[in-house]
Amino acid sequence: MACVSPCNIQLRRPLGQPTSNSDPVRFGLPAHSFSRSQVRKKWVMKFSVGGGERLGNLHARRRRESGFVVEEDERKQRRGGGGGVRCTAEGLERELFVGRSEGGFRAAERFRVVAMVAAVMCLCNADRVVMSVAIVPLAAKHGWSSSFLGIVQSSFLWGYMCSSIIGGALVDKYGGKKVIAWGAALWSLATLLTPWAANHSTASLLIIRAFFGLAEGVALPSMNNLLSRWFPTHERATAVGISMGGFQIGNVVGLVLTPVMMSSIGISGPFILFTSLGLLWLVTWVFKVTNDPQDCASISESELRSIQAGKSDSNEIKGKIPSLSLLLSKLPTWAIILANVTNNWGYFVLLSWMPVYFKTVFDVNLKQAAWFSAVPWGTMAISGYIAGAASDNLIQSGYSITSARKIMQSIGFIGPGVALLCLNYVKTPTVAAIFLTIALSLSSFSQAGFLLNMQDIAPQCAGYLHGISNSAGTLAAIISTIGTGFFVQWLGSFQAFLTLTACLYFATTVFWNLYATGERVF
C-alpha cells in the first residue's frame with residue numbers, strides 16, 4: 001500500500017498481485033472506491049505502488065473538492081512487484097447534463113432533478129406575477145388608490161415572512177422534496193381562489209394572498225436543500241443558476257400570458273391555467289424525484305460516487321445545531337441577512353411595480369407594459385445561469401469560495417445600483433427597458449453570492465438560516481412595496497425611491513466585502 005499526501009489517496013493491492021480494470025481504488029473518504037476503468041486524462045501524478053520507490057515527480061495542482069481517478073499504466077516495466085499508476089485530479093462524470101452509460105450517453109439524474117426544481121420555481125414566480133398584472137384592471141374596477149395597491153401587493157409578503165423560518169426548519173428536518181410538494185399544493189389552491197376572493201371583498205383578497213405567501217415561503221429553502229444534496233460543491237452554483245433561471249422565466253410567463261388569458265377568458269383565466277400546471281407538476285414530482293440521490297433507483301453508480309466525492313468535507317462534519325443567539329452573534333450571518341434584505345428590497349420593487357411604472361410614466365397599455373416588464377426578467381434567467389457557471393469556474397480555477405462569493409455578490413449589487421440611478425433620466429419606455437434589463441441581469445449574480453453562502457457557513461442548518469434571512473428580507477420587501485406606493489402618491493414619481501434603492505445596494509456591497517466568508521462558521 002502506498003499513500004500520497006496531501007491528496008490522501010490509498011491504493012489497496014497486495015504486493016505483486018496483478019491488476020485489472022475492476023480493482024477498486026479508494027480515496028480517503030470511507031466507502032468511496034472507484035473502478036480503474038473510470039479514467040479521465042488531464043493532470044498526471046506518477047508514483048510507485050510496490051517497493052516504496054518513487055518513479056517520478058508530482059505534476060498536479062490540487063483542486064478544491066475534486067474527485068480522483070486512477071488508471072493502470074501498462075507501459076511501465078514492473079520490477080520487484082512494482083507497478084506504474086497514473087492518477088488524474090479530475091471529477092468523475094462531472095458533466096451536469098449527460099452521463100455515460102453502457103448504451104452511450106443519457107441525461108444525468110441530477111439534471112432531471114434540477115429541471116423539475118426549475119419548473120416549480122417557474123410556477124412559483126408565475127403565480128406571484130399574475131396578481132401584478134391583474135391588479136391593474138382590479139384597481140380600475142374597485143377604485144383602489146396607489147397606496148392601497150401597495151397594501152394589496154404586500155399582502156403576499158405577510159404570509160411569506162411568517163413561513164420562512166418555520167419552512168426552513170421543516171426543510172432541515174424532513175428534506176426539500178416533501179416540504180416543497182406541500183407548498184406547491186397549497187399555493188396552487190390559493191391561486192385558484194384569488195379571483196373569487198377579489199370579487200367577494202378586499203378582506204378576503206388580503207387573507208388569500210397572505211395564505212398564498214405562507215405556502216410559497218418554503219420554496220427557496222427547499223430548493224437550496226435539494227440542490228445541496230444532489231450536486232457536488234463545484235456544480236452547485238450552476239445548479240442554483242438553472243433553478244433560479246426557471247424562477248425568472250416565471251416572471252416572463254406570468255407577465256406575457258396573464259394579459260392574453262384575461263383578454264380572452266377573463267380575469268380568472270390565468271389563475272385557472274397556473275393552478276392546473278401546478279397540479280400537473282405535483283403529480284410528476286411525487287413519483288419521479290427522491291429527496292436524496294442515495295434513495296434514487298435510477299441513478300447510476302458512477303454518478304452517485306461523483307456526487308458524494310465532490311461534496312465539501314465540512315458538509316460531512318456533524319455537530320449540534322447552533323442556537324438563534326449564536327447564529328446572530330457572527331458577522332458573516334449579518335452579511336447574509338443584510339444582502340437578503342437589499343436583494344428583496346430591490347427585487348420586489350421591480351416585480352410589483354414595473355407594469356404600473358410603464359403605465360403611469362410612459363402611458364403604455366397593459367399588454368405593452370407586460371412585454372416591457374417581461375424582457376428584463378427573461379435576460380435575468382440567462383445571466384443567472386452565466387453567473388453560476390462563472391462562480392463554479394472561479395472555484396475550479398483555484399479561487400477560494402470566499403473570493404468567488406464576494407466577486408459574484410459585488411457584481412450583483414453594484415451593477416443594479418448604477419442602472420437604477422440611470423433609470424431616473426430616461427425619456428422613452430425602450431431605454432427604460434434597457435436599463436431595467438441591465439439591473440435585473442446583473443442582480444442575478446447574487447444567486448452565486450449570498451444565496452449559496454448559507455450552505456457554505458452553516459451546512460447543517462442552512463434551511464433555518466435561510467428562513468431567518470428571508471424573513472428579514474421579506475420585511476424589507478413589504479416596506480419597499482408599500483413605500484413605493486406612498487412615495488409615488490406623495491411625490492408623483494418613482495425617482496426618489498429608485499435613488500434610495502441604489503444607495504442601499506452600494507452600502508450593502510461594502511458590508512458584504514468586509515464580513516462575508518465562504519468558510520464554515522457553524
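At 1% relative accessibility, Glu303 counts as buried, the term being used for residues under 20% relative accessible area, with exposed meaning over 50% and partly exposed lying in between (1.4 Å probe, protein chains only). The views show a predicted model, in which local features need pLDDT of at least 70 and side-chain atom pairs count only at pLDDT 80 or more, whereas totals for chains, interfaces and linings use all residues. Residues are numbered from 1 along each chain as its sequence is written, and side-chain values use heavy atoms, with hydrogens and water left out.

View 1. Helix H1 covers residues 109-142, where helices (H or I, at least four residues) and strands (E, at least two) are DSSP runs numbered from the N terminus. Its 34 residues should span 50 Å at 1.5 Å a residue, which agrees with the 49 Å between its end C-alpha atoms; the expected span is 1.5 Å times one less than the number of residues. The helix bends by about 40° at Ile135, and Pro137 follows within four residues, the bend being the angle between axes fitted to the seven residues ending at a residue and the seven starting there. Because 25 of the 34 residues of H1 are buried, the helix is largely enclosed by the rest of the structure. After H1 comes Gly143, which has a positive phi, near 70°.

**View 2. The salt bridge between Arg110 and Glu303.** A salt bridge is counted where a side-chain nitrogen of Lys or Arg lies within 4 Å of a carboxyl oxygen of Asp or Glu, and by this rule there are eight. In the one formed by Arg110 and Glu303, the closest N and O atoms are 3.0 Å apart. Arg110 lies in helix H1 and Glu303 in helix H8 (residues 301-309), so the pair ties together parts that are 193 residues apart in sequence. Arg110, at 0% relative accessibility, counts as buried.

**View 3. Asp456 with Arg236 and Arg405.** Asp456 and Arg236 meet through their side chains in a salt bridge with an N to O distance of 3.3 Å. This pair links distant parts of the chain, with Asp456 in helix H15 (residues 450-457) and Arg236 in helix H6 (residues 233-264), 220 residues apart. Arg405 also forms a salt bridge with Asp456, at 2.6 Å from N to O. Here the linked parts are 51 residues apart, Arg405 being in helix H13 (residues 401-423) and Asp456 in helix H15. Both Arg405 and Asp456 are buried.
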